[in-house]
Amino acid sequence: MHITKLYINGFKNLKDARIKPHEKLNILCGKNAQGKTNLIEAIWLCSGARSFRSTKDKRMIGDDEQTMEIELTFKNNFREQDIRFAMAKPNIKEKNVSLNGVKLKAPSKLFGNLNCVIFTPEDLELSKGSPDNRRQFLDLSVSQIKNSYNSVTAKYDTLIEQRNMLLKNIAFGRSKREELEVWDLQLAQLGAYISLLRYNYTKKLSVYAGKLYDEISEGRERLEVNYYSTVFGGSALLESSTDYSGELAGFYMDCLSRNIEDDIRAGFTQKGIHRDDVICKINGMNAREDASQGQHRSIALILKLSQAYILEEEIQDHPVILLDDVLSELDISRQKFVISKIHGMQVFITCCDMNIPFDEQSHGKMFGIENGKIKNNS
């Protein structure tokens with residue numbers, strides 16, 4: 001899979017940015033705040049995912065612009081396809097998104113077409129940062145191979161907010177605890193489904209990550225990646241079940257029921273998929289607590305590379321790799337390792353200079369970006 005044409009105008013500071021990317025290597029070079037990351041973000045939006053920078057809708061259109069438009073053409077193993085993503089003031093909530101000329105209800109409907117994996121400097125904190133970041137990483141990874149997953153997690157988030165509100169009302173005597181059952185039945189079904197998909201993905205992630213980490217550590221260290229569920233505890237039940245709507249949902253419902261009193265006192269739901277985590281261990285030790293800075297960076301690299309490989313296995317095609325100012329944060333050995341592992345995929349790399357260790361056989365294009373405009377094509 002590779003992008004063949006890209007046009008961006010009015011998205012943040014980008015103006016009439018038009019490129020024909022190389023099918024392998026593309027370097028976006030320029031000083032800070034010139035628009036390099038904006039271009040990467042525009043590509044990412046066309047994958048159907050939310051902005052990796054949490055950009056609000058009103059900030060997507062440049063301050064001196066009334067409209068923004070992204071047009072992208074990509075080719076996979078079967079055919080060439082076109083994506084259009086446009087917005088206009090003042091109706092910024094109304095996004096005009098189309099695939100091959102057919103208007104879509106929402107940007108998320110683009111999922112499963114242009115498949116991308118993005119790696120940002122923030123991802124280097126993946127193994128030692130907040131569990132919320134690891135849950136987001138896991139949910140994004142699952143949604144890339146199961147398009148309906150996004151709507152399920154969104155529904156769960158809505159239900160958990162409503163349940164938490166009800167818990168507070170019960171504590172203040174404004175509602176009855178019997179009202180919880182209708183929410184808990186729905187949460188148990190969705191939570192069991194999400195838990196099972198997360199667990200199965202993490203098993204596959206651990207296999208890929210283990211092999212890659214063995215290579216980057218030259219066999220000196222062993223990496224394990226495990227899904228920790230606040231509901232199911234150890235993996236035995238998740239390992240043995242395939243029917244999320246039966247035994248798993250029942251177990252989930254029982255967990256919610258057992259903790260009702262504690263939840264009412266706390267004012268929120270203390271157990272569930274919204275409190276779960278991904279645990280990385282090096283030689284049996286919890287990486288979040290015991291790993292060095294270098295080990296954390298290696299784990300983050302391995303998790304993102306594993307994400308790309310699993311996606312490639314599922315779609316039977318290379319995903320597009322987006323590296324936003326990541327290589328400059330790594331030492332030379334880790335830079336070379338990443339580059340060696342994405343060989344053959346189309347890659348977009350942002351950088352401020354050209355001190356990147358590509359071998360002499362690497363072919364590609366460099367695009368200079370200055371004040372939101374493409375200055376040169378080589």
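Visitor: Which strands does helix 1 lie across?
Guide: Good place to start, and keep in mind that this is a predicted model. Helix 1, residues 36-45, lies across strand 1 (2-9), strand 4 (67-75) and strand 5. The helix runs at about 115° to strand 1.

Visitor: And in what order do the strands sit in the sheet?
Guide: The order is 2-1-4-5-6-7, with six strands forming an open sheet. Their pairing is antiparallel.

Visitor: How many bridges join strand 5 to strand 6?
Guide: Four bridges join them, between residues 80-88 of strand 5 and residues 96-99 of strand 6. For instance, Phe 85 has Val 97 in strand 6 as its bridge partner.

Visitor: New topic! In the largest nonpolar core, which residues touch the most other members?
Guide: Those are Leu 223 and Leu 323, in a core of 71 residues. Helix 5 (residues 180-216) gives the most to this core, with 14 residues.

Visitor: What does Leu 323 touch?
Guide: Leaving out residues up to four places away in sequence, its contacts include Phe 119, Val 338, Ile 342 and Phe 348.

Visitor: Which residues does the second core include?
Guide: That separate core has 40 residues, among them Ile 3, Leu 39, Ala 49 and Ile 83.

Methods: Residues numbered from 1 in each chain as written. Predicted model: local features only at pLDDT ≥ 70, side-chain atom pairs only at ≥ 80, totals over all residues. Heavy atoms only, no water. Pairing = 2+ DSSP bridges. Helix = DSSP H or I, 4+ residues; strand = E, 2+ residues; numbered from the N terminus. Contact = heavy atoms within 4.5 Å. Axes fitted to C-alpha atoms, helices over the stretch in contact; angles between N-to-C directions. Core = buried A, V, L, I, M, F, W, Y, C linked by side-chain atoms within 4.5 Å. Buried < 20%, exposed > 50% of the residue type's maximum accessible area, 1.4 Å probe, protein only.
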